[in-house]
Amino acid sequence: HSHGHSHSHGHADINVSHSLADHKKEMLIIGITIAIYAFGIMYKGSDMIKLAIFIIAYIIIGKDVLLSAFKNILRGEVFDENFLMTIATVGAFAIGESPEAVAVMLFYQIGEFFQDYAVSRSKKSIADLMDIRPDYANLKINDEVLVFSPEEVELDDIIVIKPGERVPLDAVVTQGSSTVDTSALTGESIPRDIKPGDEILSGSININSVIEARVIRKYKESTASRILDLVENAASKKSKSEKFITRFARYYTPAVVVMAALLAIGGPLVTGDAFSQWISRALIFLVISCPCALVIS
């Protein structure tokens, strides 16, 4: 046996995008907006007050979108979904459809909220997964136990796993019986009893007593590294479609804005109807063409 010594402590730091506090805050903002919006719809008093109620709701729910649109315009990136949302909603106010303006922003933010929530949940589970990466293996060579990096361990080597340690490679127990926690791999919270002859998978944690085991798969083929590999590659495979969406938005948004402008200007010229009617149609077209509105509708 010639085993070199090299320790590699690889841990992927995945920052979980939105914390629970963020989600609670977003839910609160959505809740407050819905309450004000409902009050605005039921309010039967003067139109000015009704409009004021909707504007308050709109600012509460839409301030992030408006700020992003404004910042992006200053940066010279005019056409994105924030810009689309802003023109569509400000336009809705302009044609007197203030409930519509609030509703579009509200639905957009609810959609964004669910998307963020889903993303941060999957990131959290991936971050938990990263903990299954074993850092070292205790290798038994001629009755002495030495610490190696899991990559250097050969097939049929005997490894020693102490209580509280993570199983570094897939192996078969040769000596000792214990219980292992496999929750990181299978989600099963009840520890599994193991005895000589049982297979133990890398990434699980030994709980009770010292066991010795014979390695049956090298590190690359072992369960923990295969799972991590799948997870890491899943992220890189996804990027093509993400890039497509970004490219799509770059052309889609200006195209939609230009079409809306043509509707607003061309409509009255062709049909001789009032400008206000066609401007309102152009704005409805803008509202519907927001990607989120498409999905929701």
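F113, F114 and Y117 form a cluster, linked by ring pairs. The model is predicted. In total, the structure holds five aromatic pairs.

One of the five aromatic pairs joins Y58 and F93. A pair of aromatic rings is described by the distance of the centres and the angle of the planes. For Y58 and F93, the centres are 4.9 Å apart and the planes stand at 85°. An angle over 60 degrees counts as edge-to-face, so the Y58 and F93 pair is edge-to-face. This pair links distant parts of the chain. Y58 has 5%, so Y58 is buried. F93 has 18%, so F93 counts as buried too.

Another ring has a charge for a partner. The charged end of R281 sits over the ring of W278. The distance to the ring centre is 4.7 Å.

Now the cores. The largest nonpolar core has 20 residues. Within this core, M85, V102 and M105 have the most contacts. Four helices each supply at least two of the core residues: helix 1 (20-42), helix 2 (47-75), helix 3 (81-94) and helix 4 (98-130). Which helix gives the most? Helix 4 does, with eight residues.

Two loops deserve a look at the backbone. Most residues other than glycine have a negative phi. N142 is not a glycine, yet its phi is positive, at about 45°. N142 is found in the loop between strand 1 (137-141) and strand 2 (144-148). Exposed means over 50% relative accessible area. N142 has 73%, so N142 counts as exposed. D156 also has a positive phi, of about 65°, and is not a glycine. D156 is found in the loop between strand 2 and strand 3 (158-161).

Last, the chain as a whole. The protein chain has eight helices and nine strands. Of its 297 residues, 36% count as buried. The chain exposes about 17,100 Å². Carbon and sulfur atoms supply 63% of that area.

Note on methods
Residues are numbered from 1 along each chain as its sequence is written. This is a predicted model: local features need pLDDT of at least 70, side-chain atom pairs count only at pLDDT 80 or more; totals for chains, interfaces and linings use all residues. Side-chain values use heavy atoms; hydrogens and water are left out. A nonpolar core is a set of buried Ala, Val, Leu, Ile, Met, Phe, Trp, Tyr and Cys residues joined through side-chain atoms within 4.5 Å. Buried means under 20% relative accessible area, exposed over 50%, partly exposed in between (1.4 Å probe, protein chains only). Accessible areas come from the Shrake-Rupley method with a 1.4 Å probe; for residues, only the protein chains shown count as cover. Rings of Phe, Tyr and Trp (its six-membered ring) pair if their centres lie within 6.5 Å; planes under 30 degrees apart count as stacked, over 60 as edge-to-face and the rest as tilted. A charge sits over a ring if NZ of Lys or CZ of Arg is within 6 Å of the ring centre and within 35 degrees of the ring normal.
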